[in-house]
Amino acid sequence: MLVAADKFKGSLTAVQVAERVTAGLRRVVPDLEVEALPVADGGDGTVDAAVAAGFERREVRVTGPLGEAVTAAFALRGDTAVVEMAEASGLQRLPAGVFAPLTASTYGSGELLRAALEAGARTIVFGVGGSATTDGGAGMLSALGARFLRADGEPVAPGGGGLADLAHADLSALDPRLADVEFVLASDVDNPLTGPKGAAAVYGPQKGASPEDVETLDAALAHYAKVLEGAIGARAAEYAASPGAGAAGGIGYGALILGARFRAGIEVMLDVLGFAPALQRASLVITGEGSLDEQTLHGKAPAGVAAAARAADKEVVAVCGRLALAPEVLGRAGIRRAYALTDIEPDVAKCIADAGPILERVAERIGEHFLR
């Protein structure tokens with residue numbers, strides 16, 4: 001039995017999901033062998049998933065999205081690092097109810113990458129998602145040696161809003177160690193940098209951006225890409241239109257500028273976490289996340305787990321807080337059946353508050369249906 005589920009956001013970490021599912025299954029079969037492999041798709045929780053798989057957790061003081069010092073972590077095993085931008089620049093780093101769509105910066109994410117380089121990383125998996133920022137990765141690039149200047153020669157203000165004043169970009173002093181690193185951009189979204197499907201238009205409102213802010217940010221990001229085109233040539237425009245450039249407020253664009261290769265986050269993480277050998281040992285796979293819905297089908301962890309399991313001819317069931325997919329849709333995704341917390345407790349607020357015990361009861365049902 002393999003439990004390879006993502007977090008239930010706001011209720012349980014991926015590690016806790018695995019623990020609760022295991023406990024419920026063992027109420028049915030006390031001596032059941034269960035292998036837990038918490039997974040993530042590149043967003044928040046990615047470092048925790050890597051640590052659960054045997055990576056070492058490394059902590060470092062970096063700059064948060066509003067300029068304050070925060071303690072962030074990356075994961076290291078050998079010369080492979082898993083760096084999660086949300087650790088430094090995520091919404092989780094903002095005070096409750098506070099948003100800064102125009103000024104939040106990814107500078108701390110660049111500091112995290114630099115820390116990974118200093119720890120000897122030669123392969124960096126850069127998981128992006130859950131950002132508080134829409135600065136196109138300019139802050140991150142600045143932390144790694146780039147300079148973004150106004151017409152008067154002073155640095156532009158932090159955040160996406162400041163990019164409207166950008167007159168000159170100098171990338172000549174970027175950390176030279178980046179040239180010798182395999183750099184993978186891991187994301188569950190494939191948006192371009194700008195336009196109606198870009199970073200500002202699609203994700204800006206989640207970060208507190210008003211319609212006017214979205215227009216300001218989109219124009220600033222387009223200007224930023226144009227100035228970078230003058231600095232590094234036509235590839236700057238090519239990267240802006242590339243899948244993943246708009247991920248996490250455009251930090252994907254900054255990563256592509258650094259030479260990163262874009263891959264679906266869940267595919268990268270399954271490789272890094274050693275999913276394939278664990279899958280071969282499994283008779284049944286249990287995956288899941290907080291809400292199984294249309295978004296799940298577009299690069300989220302359960303869909304990636306199910307696709308890999310189906311390719312290996314392994315049966316998959318899912319657990320979730322809320323289920324919004326029809327059985328036939330689940331079937332096409334490779335999931336035989338899904339079990340929701342709301343099947344046991346219809347009150348969503350109670351499901352969120354008591355997710356752990358309810359998930360154990362859900363897992364008990366799975367055990368009764370599949371293990372007896």
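## A guided look at the predicted model

Leaving out neighbours within four places in sequence, D44 is in contact with K7, K9, E84, A86, Q92 and G129, where contact means heavy atoms within 4.5 Å. D44 itself lies in the loop between β2 and α2 (46-52). This is a predicted model, in which local features need pLDDT of at least 70 and side-chain atom pairs count only at pLDDT 80 or more, while totals for chains, interfaces and linings use all residues. Residues are numbered from 1 along each chain as its sequence is written, and side-chain values use heavy atoms, with hydrogens and water left out.

Helices (H or I, at least four residues) and strands (E, at least two) are DSSP runs, numbered from the N terminus.

**Strands and sheets**

- An open sheet is formed by 5 strands in the order β2-β1-β11-β12-β13, with parallel pairing; two strands pair if DSSP finds at least two bridges between them.
- Each of β2 (35-36) and β13 (337-340) has a single partner strand at the edge of that sheet, so one side of each is left without a neighbour there.
- Strand β1 (residues 2-3) runs parallel to β11 and is joined to it by 2 bridges; here V3 has I286 of β11 as its bridge partner.
- Strand β9 (residues 182-187) has 5 of its 6 residues buried, where buried means under 20% relative accessible area, exposed over 50%, and partly exposed in between (1.4 Å probe, protein chains only).
- On one pairing, β9 runs parallel to strand β6 (residues 123-127) over 5 bridges, and G127 stands opposite A186.
- β9 also pairs in the parallel sense with strand β10 (residues 261-264) through 4 bridges, with S187 opposite A264.

**The largest pocket**

- Which residues are closest to the centre of the largest pocket? The largest pocket has a volume of about 920 Å³, and of its 35 lining residues, D41, D188, V189, Q295 and K300 are the closest to its centre.
- A pocket here is an open set of points on a 1 Å grid over the protein atoms alone, where a 1.4 Å probe fits and protein lies on both sides within 12 Å along at least five of seven lines; lining residues have an atom within 4 Å of a point.
- Grid points are joined across faces, edges and corners, and the volume is the space filled by probe spheres set on the points.
- α9 (247-257), β10 and β11 (284-292) each supply at least two residues of the lining.
- By class, the lining has 9 nonpolar, 15 polar and 11 charged residues; Ala, Val, Leu, Ile, Met, Phe, Trp, Tyr, Cys and Pro count as nonpolar, Asp, Glu, Lys and Arg as charged, and the others, Gly among them, as polar.

**Nonpolar cores**

- Of the 57 residues in the largest nonpolar core, I124, F126, F148, Y224 and Y253 touch the most other members; such a core is a set of buried Ala, Val, Leu, Ile, Met, Phe, Trp, Tyr and Cys residues joined through side-chain atoms within 4.5 Å.
- Apart from that core lies another, of 40 residues, including L37, V125, V268 and A309.
- Not counting residues up to four places away in sequence, the residues touched by F148 include L141, V156, L171, Y224 and L228.

**Helix α10 and what follows**

- Helix α10 (residues 265-273) has 7 of its 9 residues buried, so it is largely enclosed by the rest of the structure.
- The buried residues of α10 are G265, I266, V268, M269, L270, V272 and L273.
- Just after α10, G274 takes a positive phi of about 80 degrees.

**Individual residues to look up**

- E87 sits in helix α3 (residues 85-89) and counts as buried at 9% relative accessibility. Neighbours within four places aside, E87 is in contact with V47, R57, A72, A73, Q92, R93 and L112.
- A355 is in helix α15 (residues 355-370) and is buried at 2% relative accessible area. Residues up to four places away in sequence aside, A355 touches S11, L12, L341 and K350.
- Is A248 buried or exposed? A248, in helix α9, counts as buried at 10% relative accessibility, and has a positive phi of about 50 degrees although it is not a glycine.
- D313 lies in the loop between α12 (301-311) and β12 (315-323) and counts as exposed at 71% relative accessibility. D313 has a positive phi of about 60 degrees, although it is not a glycine.
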